[in-house]
Amino acid sequence: MKTVMEQLIEIQDKLDALKAQAQPEVECDEPETETPQSAITAEEANVIVFTKDELITFATHLVERVIDKCKEAATDANMNPDNIVDLSMGYGYQIEVELDTDVIARSIHEEIDAVVDTDSNSINDEINSILNDMDMG
């Protein structure tokens, strides 16, 4: 009869054998020519490091700019009253007014699409502008 310690050693040996089978060794005769990832500076990798507070500030500036653009779009939306309002004569010579909310929403959506630029150059410009405002650029 085996002791508990002998059984544990036997199990450990079996686990080690399984690990060796699962991860075969790869031999490489050539020296490593690439720069190790740890040797690359943040500037070389084009990386910006934020603290949590800086990230919150950055995100706040970005959201504020998007909100301003959306407000501008809503103000500039070209809504023709003839396409939005439907006037009709109701019972007892009452004038009934109906608004076509689909036309209003579509006009605002089109204007937002026109003023909010999502191409990579525009996004890059916005990011650089915010970073400069935060004295990080």
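**Notebook: helix packing and selected residues**

I began with Tyr93, which is exposed, with a relative accessible area of 75%. I use exposed for over 50% relative accessible area, buried for under 20%, and partly exposed for values in between, computed with a 1.4 Å probe on protein chains only. I noted that Tyr93 has a phi near 60°, a positive value in a residue other than glycine. Tyr93 sits in the loop between strand 1 (85-89) and strand 2 (95-99).

I recorded the basis of the entries: this is a predicted model, in which local features need pLDDT of at least 70, side-chain atom pairs count only at pLDDT 80 or more, and totals for chains, interfaces and linings use all residues. Residues are numbered from 1 along each chain as its sequence is written, and side-chain values use heavy atoms, with hydrogens and water left out.

**Entry: overall layout**

I found five helices and two strands in the protein chain. Helices (H or I, at least four residues) and strands (E, at least two) are taken as DSSP runs, numbered from the N terminus. Along the sequence, I read the pattern α-α-α-β-β-α-α. I noted that 9% of the 137 residues of the protein chain count as buried. I then looked up contacts, meaning heavy atoms within 4.5 Å. Among contacts in the protein chain with a separation of 6 or more, 58% come from residues 24 or more positions apart.

**Entry: strands 1 and 2**

I placed Val85 in strand 1 and Leu99 in strand 2. Is Leu99 buried or exposed? Leu99 counts as exposed because its relative accessibility is 55%. Val85, at 32% relative accessibility, counts as partly exposed.

Leaving aside neighbours within four places in sequence, I found Leu99 in contact with Ile84 and Val85. With residues up to four places away not counted, Val85 touches Val97, Glu98 and Leu99. I also took two C-alpha to C-alpha distances. Leu99 and Asn83 are 16 residues apart in sequence and 9.0 Å apart in space. Val85 and Ile104 are 19 residues apart in sequence and 10.0 Å apart in space.

**Entry: helix 2 with helix 4**

I looked up how helix 2 and helix 4 pack, and found an angle of about 130°, with their axes 8 Å apart. The axes are lines fitted to C-alpha atoms, for helices over the stretch in contact, and the angles run from 0 to 180 degrees between N-to-C directions. Helix 2 and helix 4 are therefore oblique to each other. Under the rule, angles under 35 degrees are roughly parallel, those over 145 roughly antiparallel, those from 65 to 115 roughly perpendicular, and the rest oblique.

I noted that the crossing of helix 2 and helix 4 is right-handed. In a right-handed crossing the near helix is turned clockwise from the far one by less than a right angle, and in a left-handed crossing anticlockwise. From helix 2, Lys69, Cys70, Glu72, Ala73 and Asp76 make the contact with Glu111, Ile112 and Val115 of helix 4. I sorted the residues of this contact of helix 2 with helix 4 into four nonpolar, no polar and four charged. Here Ala, Val, Leu, Ile, Met, Phe, Trp, Tyr, Cys and Pro count as nonpolar, Asp, Glu, Lys and Arg as charged, and the others, Gly among them, as polar.

In helix 4 (residues 101-115) I also examined Ser107. At 13% relative accessibility, Ser107 counts as buried. Not counting residues up to four places away in sequence, Ser107 touches Ala77, Asn78 and Met79.

**Entry: helix 2 with helix 5**

I found helix 2 (residues 52-76) and helix 5 (residues 120-133) packed at an angle of about 125°, with their axes 10 Å apart. Helix 2 and helix 5 are therefore oblique to each other. Helix 2 passes helix 5 in a right-handed crossing. Phe58, His61, Leu62 and Arg65 in helix 2 meet Glu126, Ile127, Ser129, Ile130, Leu131 and Asp133 in helix 5. By class, I recorded five nonpolar, two polar and three charged residues in the contact of helix 2 with helix 5.

**Entry: aromatic rings**

I applied the ring rule: rings of Phe, Tyr and Trp (its six-membered ring) pair if their centres lie within 6.5 Å, and planes under 30 degrees apart count as stacked, over 60 as edge-to-face and the rest as tilted. How many aromatic pairs does this rule give? The count comes to one aromatic pair. Phe50 and Phe58 form this tilted pair, at 5.4 Å centre to centre with 50° between the planes. Phe50 counts as partly exposed at 29% relative accessibility, whereas Phe58 counts as buried at 12%.
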